[in-house]
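Visitor: I'd like to go through this one with you, starting from the chain as a whole and then going into some residues. Could you put it up?

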Amino acid sequence: MSAVNTSIKDVLYEPPGPKAQRRIRAATAISLVALAVVVVLVVRQFSVNGQLDPKYWSLFTRFTTWRFLGRGLAGTIEVALAAGAVAFALGMAMMLARISKYRILRGISIALIEFTRGVPTLLFIYFFFLIAPQFGLKLPAFWKITAPVAISAAGVVAEVLRSGVNAIPKGQTEAALSLGMRDSSVFFKIVFPQALRCVIPSLISELVIVLKDTTFAYVVNYADLMQNAKVLISNYDALVSVYLVTAVIYILINYVLNQISVALSRRGMPYALSGTI
């Protein structure tokens, strides 16, 4: 198989045949019609309830409204990027401990990974917001939302990184060791760079989840996109219109991240698979 044109879909799935393509087109058409019907019914219900009145939408013709939402969006992106960076660092540390030769480190890492993956993000937020200050740990609102979101994602990041490391053929490690390279040099110079390229799409997908988790910022009164949307709702009594516009903004951001993930997957997979296909 050519490494140049190989993608993850080529590896996992065969191209659909003529019958499958017809079924896919039919299912797509039916889904689009059903979606259109739902949209029409929702818009009609909005109209009946008066939610389409200009008074609920006129605020979006003002520059101040978009500037206020833009500030909230900037806050959301700042938290998401900071939480993503912290989650990657913590996940990297837990992954290294998870694959360590020392049983104690492996046990501690497994416990931490399962704990961070099993506890809901909101509980971590309540810990930093309500319990940590009682022990003298007083953090700014930014870190009260960033730290718990990062901790919640760290376990998943650790497992994603470990799956990438395990996907690299063991023969590469054995060949490097036979040449006299140290274990740490083999890992960081040969194994991990390839593993990272394999899992970049998965890491970006986890960043989407981190972005969604930032909507809990209202708990700590941090001015993110959702918090600023709530302020607009209280000022203009425009619940449906504000939430609808806010949802569209989140959808657009996640769509961009998804496209980045797809693009990186197409570029990264050939490199990762070239040695095995």
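Visitor: Among contacts in the chain between residues at least 6 apart in sequence, what percentage join residues at least 24 apart?

Guide: The share is 76%, where contact means heavy atoms within 4.5 Å. Please keep in mind that this is a predicted model, in which local features need pLDDT of at least 70, side-chain atom pairs count only at pLDDT 80 or more, and totals for chains, interfaces and linings use all residues. Residues are numbered from 1 along each chain as its sequence is written, and side-chain values use heavy atoms, with hydrogens and water left out.

Visitor: How many helices and strands does the chain have?

Guide: The chain has ten helices and zero strands, with helices (H or I, at least four residues) and strands (E, at least two) taken as DSSP runs numbered from the N terminus.

Visitor: And what is the radius of gyration of the chain?

Guide: The chain has 24 Å, whereas a compact globule of 277 residues would have a value near 19 Å; the radius is taken over C-alpha atoms, and the globule rule is 2.2 Å times the number of residues to the power 0.38. Along the principal axes, the C-alpha atoms fill a box of roughly 75 × 65 × 30 Å.

Visitor: Switching to burial, which residues of α5 are buried?

Guide: In α5, which covers residues 121-131, T121, F124, I125 and F128 are buried, meaning under 20% relative accessible area, with exposed over 50% and partly exposed in between (1.4 Å probe, protein chains only). They lie on the same side of α5 because they cover an arc of only 100° around the axis, the arc being that of the directions from the helix axis to the C-beta atoms.

Visitor: What do the buried residues of α5 pack against?

Guide: They pack against α4 (103-118), α6 (141-167) and α8 (183-213).

Visitor: Is T116 buried or exposed?

Guide: T116, which is found in helix α4, is buried, with a relative accessible area of 7%. Not counting residues up to four places away in sequence, T116 touches F124, I151, S152 and G155.
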